Amino acid sequence: MQVSLIILAAGQGSRMNSDLPKVLHKVAAAPLLHHAMAAGATLSPVATIVVVGHGGDEVAASALKFDPDVVITRQEEQKGTGHAVDQARAALEGQPGDVIVLYGDTPFIRAETLEAMLEARARNAVVVLGFQAADPGRYGRLITEGDSLERIVEYKDANEAERAVTLCNSGVICASAKDLFALIAEIGNANASGEYYLTDVVGIARSKGLTATVVVCDEAETLGVNTRAQLAAAEAAFQARARAEALETGVTLTAPETVFFALDTIIGRDAIIGPNVLFGPGVTIESGAEIKGFCHLEGCHVSRGADVGPFARLRPGAELAEDVHIGNFVEIKNAILDEGVKVGHLTYIGDADVGEFTNIGAGTVTCNYDGVMKHRTRIGKRAFIGSDTMLVAPVTVGDDALTGSGSVITEDVPAGAVALGRAKQVSKPGLALKLMEKLRAIKAAKSKG
Ligand code: UD1
Ligand code: MG
């Protein structure tokens with residue numbers, strides 16, 4: 001059975017007190033919207049419709065960045081969740097198969113839960129995802145009779161008995177495209193909010209003799225983000241789950257509670273991650289690599305046998321081949337380091353290619369930026385870059401070449417050559433002793449007078 005997705009992301013999220021549309025606030029270095037889209041993507045949907053409204057251009061751009069194939073539809077005025085889903089009518093009406101509606105601000109729905117809903121759909125016209133709420137608050141209440149879901153009552157419209165129900169609506173709903181759009185066409189807005197409630201499709205379905213049921217999931221999965229406090233709680237929930245998963249899959253975390261993952265972090269088995277490590281988006285760490293304490297990584301790849309840190313920073317485009325060694329206070333950006341390269345201390349390597357088994361001395365800087373443009377530094381195989389070498393790009397250092405410590409290299413260095421670009425040393429015999437004697441005499445004269 002084919003599935004299409006509708007992701008609702010038109011709401012303002014006024015309680016975030018923010019200029020940024022709510023669904024673009026980040027958890028685990030990714031917009032909330034991307035979390036919802038990632039959950040939906042596990043079903044391999046034939047079409048994904050994202051309904052945008054507040055901050056529509058920004059939200060649309062973010063959705064398309066995650067998946068260029070999504071269809072964006074605009075809800076000009078926010079007249080309720082039912083009205084929002086109706087905006088996908090032109091894109092999906094007449095599609096065979098099922099439609100699942102997700103919220104862009106609800107990041108943690110699991111793939112298994114969506115699968116369970118599709119399974120239940122095989123036996124019911126409408127399936128709603130519910131949860132037992134510890135504090136039901138203002139959630140919509142699910143009114144059931146045995147296994148049958150009879151209707152959903154919004155908190156504002158509920159009576160005392162209905163408010164006492166603790167089985168609540170997550171907002172996720174599944175029906176065939178055919179049924180969903182037929183039912184939505186019948187929704188009115190005669191309710192406490194004057195909105196077109198998506199939730200009304202259940203009562204309408206039942207009145208037509210269609211079946212409806214609830215799939216119950218853990219409350220943690222339905223955690224929605226409406227406030228900054230909930231955003232922080234969502235971050236904590238994500239990290240707790242990511243840490244547990246990393247440990248489960250055979251990654252050593254010395255101090256799990258201090259390691260922060262991104263939505264897309266991939267770490268191989270038997271990798272070792274020290275304390276206080278932060279993974280930004282786009283990081284892959286191969287099996288057996290080690291990231292020591294206090295490192296900050298984003299958009300980079302670390303191959304097996306490599307070790308990084310402590311206190312190192314890998315920025316986007318850092319590609320470390322096998323057995324590369326990166327030591328403390330080293331920053332690597334947009335650079336490819338081949339097998340066995342060593343960058344031990346206090347160094348910036350940006351916009352560079354470094355050949356295998358080359359050693360980069362302490363204090364080396366690739367001077368990649370001339371104030372207007374970025375330039376590349378190319379270093380060959382088995383080269384030895386002396387400490388405190390400034391490599392003024394664009395520049396090439398050949399295989400097996402060596403640069404003297406403290407050199408400013410502005411011209412290409414041929415393979416096998418030694419390059420020295422520094423003032424020649426002069427030594428004046430005895431001058432240091434004389435100088436000290438003179439200074440002490442001056443000090444003594446000052447303290448007398
Ligand atoms: C909704 C449900 C409620 C459920 C709760 C779970 C309805 C009527 N109520 O209430 O039963 O318990 O979610 O969190 O569906 N949106 C639009 N356009 C609109 C209105 C909303 O795109 O016109 C989007 C919002 O951006 C949000 C989602 O739909 O992502 C839910 O809207 P929200 O206003 O938060 O609904 P709730 O009142 O929380
Ligand atoms: Mg809400």
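Visitor: How many cavities of 30 Å³ or more does the count come to?
Guide: Happy to start there, and please keep in mind that this is a predicted model. A cavity here is a set of points where a 1.4 Å probe fits but cannot get out. With the cut-off set at 30 Å³ or more, the count comes to 2 cavities.

Visitor: Which element gives the largest share of the lining of the largest cavity?
Guide: The largest cavity has a volume of about 50 Å³. Its lining includes A36, L102, Y103 and S170. Helix 1 (32-41), strand 6 (98-103) and strand 10 each supply at least two residues of that lining. The largest share, 3 residues, comes from strand 10.

Visitor: How many charged residues are in the lining of the second largest cavity?
Guide: This cavity holds about 40 Å³ of space. Among the residues that line it are Y103, V128, N169 and L198, and strand 10 provides the largest share, 4 residues. By class, the lining divides into 6 nonpolar and 3 polar residues, and the number of charged ones is none.

Visitor: Let's turn to the pockets. What takes up the space of the largest pocket?
Guide: About 1,500 Å³ of space lies in the largest pocket. Of the 44 residues lining this pocket, those closest to its centre are R15, T81, Y103, D105 and N226. The space of the largest pocket is the one taken by ligand 1.

Visitor: Into which classes does the lining of the largest pocket fall, and how many residues are polar?
Guide: Strand 1, helix 3 and strand 10 each supply at least two residues of this lining, with the largest share, 3 residues, coming from strand 10. By class, the lining has 14 nonpolar and 9 charged residues, while the polar ones number 21.

Visitor: Which residues come nearest to ligand 1?
Guide: Elements that each supply at least two residues of the shell around ligand 1 are strand 1 (3-9), helix 3 (81-86) and strand 10 (167-176). The shell divides into 7 nonpolar, 9 polar and 3 charged residues. Of the 19 residues around ligand 1, the nearest are G11, Q75, T81, E154 and N169.

Visitor: How far is a polar side-chain atom of E154 from an oxygen atom of ligand 1?
Guide: Several side chains bring a polar atom to the ligand, so let's go through them with the cut-off for a polar contact, within 3.5 Å. A nitrogen atom of ligand 1 is 2.7 Å from an N or O atom in the side chain of Q75. For Y103, a polar side-chain atom lies 3.3 Å from an oxygen atom of the ligand. For E154, the distance from a polar side-chain atom to a ligand oxygen is 2.6 Å.

Visitor: Which element gives the most to the lining of the second largest pocket?
Guide: This pocket has a volume of about 540 Å³, and among its 23 lining residues F238, R241, A242, E245 and L263 lie nearest its centre. Helix 1, helix 5 (111-121), helix 9 (228-248) and strand 13 (266-267) give two or more residues each. The lining divides into 15 nonpolar, 4 polar and 4 charged residues. With 5 residues, the element that gives the most is helix 9.

Notes. Residues numbered from 1 in each chain as written. Chains lettered and ligands numbered in written order. Predicted model: local features only at pLDDT ≥ 70, side-chain atom pairs only at ≥ 80, totals over all residues. Heavy atoms only, no water. Near = heavy atom within 4 Å. Polar contact = N/O pair within 3.5 Å; in protein donor to acceptor, adjacent residues only side chain to side chain. 1 Å grid on protein atoms, 1.4 Å probe; cavity = no way out; pocket = protein on both sides within 12 Å on 5 of 7 lines; lining within 4 Å. Sits in = over half its atoms within 2 Å of the grid points. Nonpolar A, V, L, I, M, F, W, Y, C, P; charged D, E, K, R; others polar. Points joined across faces, edges and corners; volume = space filled by probe spheres on them.
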